[in-house]
Amino acid sequence: MIHLFFYSRRHLLNRTVLLISLLFIGSAFAQTRTRTEIRIPDILGYRTLKCDFHMHTVFSDGTVWPHIRVEEAWREGLDAISITDHIEYQPHKEDVKADHNRSFQLARGHAEALDLLLIPGGEITRRIPPGHLNVIFVQDVNILDKKDWYKAISAGVEQGGFCFFNHPGWYHSDNVSRWYEEHDRLLQDSLLHGVEVVNTRDYYPVAHQWCLDKNLTMIGTSDIHNPINLDYELHRGDHRPVTLVFAEERTPESIRDALFKRRTAVYSAGLLIGREEYLKAIFRTSIQIRVPGRAIRGKGSILLQIQNTSDIPYHLVLEEENEFISTPAKIVLSADKTVLFRVRSKADNLSGKKDFSLVYRIANLLATPETGLRVTIPVRVEFVPES
Ligand SMILES: [Zn+2]
Ligand SMILES: [Zn+2]
């Protein structure tokens, strides 16, 4: 009897311990969140930082609390964000009474906890011209709240702010970007430093050309107002547009420095937009070419492999036929995959190791508006004449 009692008590105790353990594990899991890194390589000695410098919260016309913006960005693998609530447009102000620094102040603690860089800023919101302009890296966002837009921008830039022209096509029914005298004035006075080449899902080729002609920094932003999952199908591999910043260090100061020196590119919906040197470096650093040890015999062939370790798929279109070897007219180097394709000899009398440059255009890498980037892919192939 005593024996049985002892066993049942122990049994009960074991069950209790198990239940408590499960509860503990359950709550530990509930605390776990995951971040999906954006795999785009560091280049040219710089860190490639993934940034979004334009978004809204309930402190203007957004629908989320600032804290959520930080959490979303961390989960999506971003390094830095700027919450840029409208200065002149605050439809929730009857319910949410605060000054223009408040969204930054509320988000800052969570950003520090998650090691996400948070950059103060605001969106000056006027009719076109001059339209909407973000000024980021200001010490006091309230400085942007002035009757005169020129004075507002000047005040922001005087505080060290970086100013860019937002969604330049959005103001017009044809969605084509237009530049005004007001922008010339800002540019001449060193008060305009960049332009959104991408805003939400829109790419502005005209604005892309301005950046090249007027030496402006290329910016791509989400301008997100809703919870990010409502506008982007993240669970299916979709992503918000980001500005890639090539910074010396992962700090706000380094990001600011890189922005002023135009060291950026824009990654949006499978497109990579930017200056040629950066796009070429990203492509080169993303791929590894594997040529098999065996030689091509006569007019035979070998299988070549190219591994793409980045998240960017590269859509290659053959630009120049090679004199000695043939390669596919189109190759898609899918993200994080290795692609296999056949290289065939055109002549039967080649012998020894030879170096070739395969000339392709990458349709989704835009160094100039709507034209794919031309790249050369070096391969060394060995030949043995047909005996
Ligand atoms: Zn706007
Ligand atoms: Zn906006």
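Tutor: We will take the metal site, a hairpin, the pockets and a sheet in turn. This is a predicted model, where local features need pLDDT of at least 70 and side-chain atom pairs count only at pLDDT 80 or more, while totals for chains, interfaces and linings use all residues. Residues are numbered from 1 along each chain as its sequence is written, chains are lettered from A and ligands numbered from 1 in the order in which they are written, and side-chain values use heavy atoms, with hydrogens and water left out.

Student: Which residues are the protein donors of the zinc ion (ligand 1)?

Tutor: Donors are N, O and S atoms within 2.8 Å of the metal (3.2 Å for Na, K and Ca); water is not among the atoms, so sites may look incomplete. Here they are Glu-123 (OE), His-132 (ND1) and His-167 (NE2), at 2.1 to 2.2 Å from the ion. Along the chain, their spacing reads E-x8-H-x34-H. His-132 belongs to strand S5 (residues 132-136) and His-167 to the loop between strand S6 (162-165) and helix H5 (181-188), so the pair ties together parts that are 35 residues apart in sequence. Helices (H or I, at least four residues) and strands (E, at least two) are DSSP runs, numbered from the N terminus.

Student: Which residue coordinates both the zinc ion (ligand 1) and the zinc ion (ligand 2)?

Tutor: That is Glu-123, and the two ions are 3.5 Å apart.

Student: Are His-132 and His-167 buried or exposed?

Tutor: Buried means under 20% relative accessible area, exposed over 50%, and partly exposed in between (1.4 Å probe, protein chains only). Both His-132 and His-167 are buried. In strand S4 (residues 121-125), 5 of the 5 residues are buried, so the strand is largely enclosed by the rest of the structure. Gly-121, Glu-123 and Thr-125 are on one side of S4, with Gly-122 and Ile-124 on the other.

Student: How many bridges join S4 to S5?

Tutor: Strands of a sheet pair through backbone hydrogen bonds, either parallel or antiparallel. Two strands pair if DSSP finds at least two bridges between them. S4 and S5 run antiparallel and are joined by 5 bridges, with Thr-125 having His-132 as its bridge partner. The hairpin they form has 6 residues between the strands, and Gly-131 in the turn has a positive phi of about 80°.

Student: What is Ile-128 in contact with?

Tutor: Contact means heavy atoms within 4.5 Å. Ile-128 sits in the loop between S4 and S5 and, leaving aside neighbours within four places in sequence, touches Phe-165, Tyr-171, His-172, Tyr-180 and His-183. At 23% relative accessibility, Ile-128 is partly exposed.

Student: How much space lies in the largest pocket?

Tutor: On a 1 Å grid over the protein atoms alone, a pocket is an open set of points with protein on both sides within 12 Å along at least five of seven lines, and lining residues have an atom within 4 Å of a point. A volume is the space filled by probe spheres set on the points, which are joined across faces, edges and corners. The largest pocket holds about 540 Å³. Its lining has 24 residues, with Thr-36, Glu-76, Leu-234, Asp-238 and His-239 nearest the centre.

Student: In which order do the strands of the open sheet of 4 strands stand?

Tutor: The order is S13-S15-S19-S17, with antiparallel pairing. Strand S13 (287-290) and strand S17 (325-326) are at the edges with a single partner strand each, so one side of each has no neighbour in the sheet.

Terms used. 1 Å grid on protein atoms, 1.4 Å probe; cavity = no way out; pocket = protein on both sides within 12 Å on 5 of 7 lines; lining within 4 Å.
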